[in-house]
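Subject: Structure for your review

Dear colleague,

Please find below the structure that I am handing over to you. My notes on what was found in it follow.

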Amino acid sequence: MTWDLRALLAGIISDPSDDVARLVYADCLEEHGNAARAAFIRLQIEAERLHPVSKERAELDRRVEAMLEANWAEWWAEVCAAI
């Protein structure tokens, strides 16, 4: 993980509710060739902005869960290494 990704991730860890930091991190991930994880973060944010019991939210939550299930080990390892 590059220093810029580590710095952005540290900022997110210190304030997970900062959507701007999460979106900047997603952009940086995409620039570094990790488009799937960037899409995952963007979908999370989009879902969080919808009503909790809407059909749109349920569909986005399903997509987020599928992406996490397929990639959690790799993504979690990066988080653990950063902290």
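How many helices and how many strands does the chain have? The model, which is a predicted one, has 4 helices and 0 strands. Following the sequence, one therefore reads the pattern α-α-α-α. The radius of gyration is 13 Å, close to the 12 Å that the globule rule gives for 83 residues, so the chain is as compact as a globular protein of that length.

The C-alpha trace spans about 40 × 25 × 20 Å along its principal axes. Among the 83 residues, 29% count as buried. Of the contacts with a separation of 6 or more, 43% are between residues 24 or more positions apart. The chain exposes about 5,400 Å², and 58% of this area is supplied by carbon and sulfur atoms.

I would then ask you to look at the largest pocket. About 380 Å³ of space lies in the largest pocket, and 15 residues line it. Those that lie nearest its centre are L9, R37, F40, Q44 and V79. The elements that give two or more residues to this lining are α1 (3–14), α2 (19–31), α3 (35–48) and α4 (55–82). With 5 residues, α4 gives the most. By type, the lining divides into 12 nonpolar, 1 polar and 2 charged residues.

Yours sincerely,
A colleague

Technical notes
Residues are numbered from 1 along each chain as its sequence is written. This is a predicted model: local features need pLDDT of at least 70, side-chain atom pairs count only at pLDDT 80 or more; totals for chains, interfaces and linings use all residues. Side-chain values use heavy atoms; hydrogens and water are left out. On a 1 Å grid over the protein atoms alone, a cavity is a set of points where a 1.4 Å probe fits but cannot get out, and a pocket is an open set with protein on both sides within 12 Å along at least five of seven lines; lining residues have an atom within 4 Å of a point. Grid points are joined across faces, edges and corners, and a volume is the space filled by probe spheres set on the points. Ala, Val, Leu, Ile, Met, Phe, Trp, Tyr, Cys and Pro count as nonpolar, Asp, Glu, Lys and Arg as charged, and the others, Gly among them, as polar. The radius of gyration is taken over C-alpha atoms; the globule rule is 2.2 Å times the number of residues to the power 0.38. Buried means under 20% relative accessible area, exposed over 50%, partly exposed in between (1.4 Å probe, protein chains only). Contact means heavy atoms within 4.5 Å. Accessible areas come from the Shrake-Rupley method with a 1.4 Å probe; for residues, only the protein chains shown count as cover.
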